[in-house]
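This report describes a single protein chain through its aromatic contacts, strand pairing and nonpolar cores. The sequence and structure are shown first.

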Amino acid sequence: MKFGEKIVVFISGERGLVTISELIKNNIKIDLIVLSYGFKLLSFFEKHIELNKEKVKNVNDPDFINKLSKLKPDIFIVAGFPQIFSKELLCVPNKLTINQHAGSLPKYRGGSPLNWQIIQGEKNIGISLIKMDEGIDSGKVILEDNFLLADNENISDAHRKSNKLFAAMTIMALNLIEQNKLELKSQKEKDAIYWHQRSPIDGKIDWRGTKAEDIVNLIRALTFPYPGSFTFKENLKIIIFSAVIPEIMIKGNPGRVLYLQGKGPYVICSDRAILLTKYSFDGLEDL
């Protein structure tokens with residue numbers, strides 16, 4: 001693909017690496033890669049030492065913005081970068097800033113959109129490319145797509161599928177820009193829903209107030225690479241990484257743990273029990 005625009009890519013993890021790989025595959029020159037300061041996946045760059053890259057603590061630092069301005073970039077591509085861009089930074093590219101947002105819009109604005117979609121029981125997981133503006137995920141939509149996430153798949157599968165799709169969508173968007181065919185779609189503000197950024201404390205399970213299906217979805221959404229959902233048995237913290245709803249119907253007091261014919265542990269939720277299939281005690285693998 002012949003592409004004459006100057007591109008700066010902002011990355012912080014696997015999503016960014018997949019995007020960069022796809023850009024390289026399509027012979028698209030990357031003028032600068034901006035790495036989040038805590039980014040440690042450096043083995044990729046050992047294979048591509050010719051790539052111009054820089055780690056930054058604060059992309060909104062005036063000195064860094066001035067440095068980017070001197071580069072005179074046309075397009076920013078933001079692939080999972082954790083910082084909010086200031087108005088001054090958004091004014092740097094001549095054309096636009098493309099943000100890879102892992103949620104359908106405007107229904108899933110805000111933080112942790114992949115996790116929230118699984119927690120909400122979505123079967124088709126939506127992702128979007130948007131033109132970043134000063135609002136929180138409020139920019140015009142460039143492209144959107146979705147993928148099926150099966151009941152036996154979890155957040156790791158969602159990241160793998162979305163990363164691949166994001167890379168393909170980014171190439172498609174650049175093609176549209178090159179052909180001057182890019183059409184932007186405004187979001188319906190009246191339908192906007194904002195979700196907060198999740199933290200490890202949000203993974204605590206409420207057995208009494210939550211149905212089995214919802215707890216299984218929570219566990220699917222917070223398993224590796226996240227810290228996992230958790231509960232307490234007296235003073236012992238139990239981290240749960242996978243669980244299923246068994247064919248057998250088990251009811252009783254929510255939170256009660258039991259074994260049936262040597263199989264378990266089953267834990268009773270507000271409506272029925274789930275079967276824990278992978279868990280650990282205080283971070284130590286269950287034997």
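The sections below cover the basis of the model, the sheet, the aromatic pairs, a hairpin, a helix and the cores.

## Basis of the model

The model is predicted, and local features require pLDDT of at least 70, side-chain atom pairs count only at pLDDT 80 or more, and totals for chains, interfaces and linings use all residues. Residues are numbered from 1 along each chain as its sequence is written, and side-chain values use heavy atoms, with hydrogens and water left out.

Helices (H or I, at least four residues) and strands (E, at least two) are DSSP runs numbered from the N terminus.

## The open sheet

An open sheet is formed by 7 strands in the order E3-E2-E1-E4-E5-E7-E8, with mixed pairing; two strands pair if DSSP finds at least two bridges between them. Strand E3 (53–56) and strand E8 (141–148) are the edge strands, each pairing on one side only. On average, neighbouring strands of this sheet are turned by 15 degrees against each other, direction ignored. The axes behind this angle are lines fitted to C-alpha atoms, for helices over the stretch in contact, and angles run from 0 to 180 degrees between N-to-C directions.

Within the sheet, E4 and strand E5 (residues 96–101) run parallel and are joined by 4 bridges. Phe76 stands opposite Thr97 in E5.

## Aromatic pairs

The whole structure contains 8 aromatic pairs. Rings of Phe, Tyr and Trp (its six-membered ring) pair if their centres lie within 6.5 Å; planes under 30 degrees apart count as stacked, over 60 as edge-to-face and the rest as tilted. The pair of Phe10 and Phe76 is edge-to-face, because the ring centres are 4.9 Å apart and the planes stand at 70 degrees. Phe10 belongs to strand E1 (residues 7–11) and Phe76 to strand E4 (residues 75–79), so the pair ties together parts 66 residues apart in sequence. Phe10 is buried at a relative accessible area of 0%, and Phe76 is buried at 0%; buried means under 20% relative accessible area, exposed over 50%, and partly exposed in between (1.4 Å probe, protein chains only). Ring pairs link Phe10, Phe76, Phe81 and Phe85 into a cluster.

Trp116 and Trp195 form a tilted pair, since their ring centres are 4.8 Å apart and their planes lie at 40 degrees. Trp116 is in helix H5 (residues 113–119) and Trp195 in strand E9 (residues 194–195), 79 residues apart. Both Trp116 and Trp195 are buried. Arg198 lies over the face of Trp116, at 4.6 Å from the ring centre; a charge sits over a ring if NZ of Lys or CZ of Arg is within 6 Å of the ring centre and within 35 degrees of the ring normal.

## The hairpin of E10 and E11

Strand E10 (residues 229–233) and strand E11 (residues 236–244) pair in the antiparallel sense over 5 bridges, and Thr231 stands opposite Ile238 in E11. The hairpin has 2 residues between the strands, and Glu234 takes a positive phi near 60 degrees. The charged end of Lys237 sits over the ring of Phe230, 4.5 Å from its centre.

Helix H3 (residues 62–71) has Phe64, Ile65 and Leu68 buried. The buried residues of H3 fall within an arc of 100 degrees seen down the axis, so they line one face of the helix; the arc is that of the directions from the helix axis to the C-beta atoms. Pro62, Asp63 and Lys70 are exposed on the other side of H3.

The largest nonpolar core has 56 residues, of which Ile98, Leu174 and Ile274 touch the most other members. Helix H6 (residues 155–178) gives the most to this core, with 9 residues. Apart from it lies another core of 17 residues, among them Val8, Phe64, Phe81 and Met132. A nonpolar core is a set of buried Ala, Val, Leu, Ile, Met, Phe, Trp, Tyr and Cys residues joined through side-chain atoms within 4.5 Å.
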